[in-house]
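This report describes how one chain is built.

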Amino acid sequence: MERKELIKQWYISYFPKVASFIAKRGGTLDDARDIFQEGLIVLYEKRNTAFHTNEEAYLFGVCKNLWFKHSTDQARFQNATIDPGEEPEPTVSENRLLQLLDTAGKKCVQLLQRFYYDNEKTETIREEFGFSTNHSTAVQKYKCLEKVRETVKQNALSYESFFE
């Protein structure tokens, strides 16, 4: 059989299976064509030597290995070429947050700072602020948070409002 006819027959018979395999793993039709053509070259070269296996199984195995190598290389290339400075992570606008907290009052800002920033225990905060019980300290913290939430609602702020 003429080489051109043989390759055409292999395309008709074996390409759909290889293309399906690659598509299921995130590849494109162009990827499938490239991999299949590389596989055909290997098959054609091996066919001229002592070839004692199923052509379809051999070609599919070669294409499968080529795809895994291609996708691994592609992932390495993408990881190596991504510049962390290209797309900066959104940062919290500290000024925006401080302005919002200031609307709750100075005492609330200090209380919330002791709870969340300084990670102080409730007992320590209770003594520092002069609350009678740990429960009253927790209630005051809740009231401060509610003041901040109410300000957010009144100003129709969203989560994205706090990022620059």
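Angles between axes under 35 degrees count as roughly parallel, over 145 as roughly antiparallel, 65 to 115 as roughly perpendicular, and the rest as oblique. The model is predicted, so local features need pLDDT of at least 70 and side-chain atom pairs pLDDT 80 or more, while totals for chains, interfaces and linings use all residues. Residues are numbered from 1 along each chain as its sequence is written, and side-chain values use heavy atoms, without hydrogens and water.

The chain has 7 helices and 0 strands; helices are DSSP runs of H or I with at least four residues, and strands are runs of E with at least two.

**Two helices**

The axes (lines fitted to C-alpha atoms over the stretch in contact, with angles from 0 to 180 degrees between N-to-C directions) of H1 and H2 come within 9 Å and cross at roughly 130°. H1 and H2 are therefore oblique to each other.

| Helix | Residues | Among its residues in the contact |
|---|---|---|
| H1 | 3-24 | Arg3, Leu6, Trp10 |
| H2 | 29-47 | Leu29, Asp31, Arg47 |

Contact here means heavy atoms within 4.5 Å.

**One residue**

Thr137 lies in helix H7, residues 134-154. Is Thr137 buried or exposed? Buried means under 20% relative accessible area, exposed over 50%, and partly exposed in between, with a 1.4 Å probe and protein chains only. At 0% relative accessibility, Thr137 counts as buried. Beyond its neighbours within four places in sequence, Thr137 is in contact with Phe115, Thr122, Ile125, Arg126 and Phe131. Of the 164 residues of the chain, 23% count as buried.
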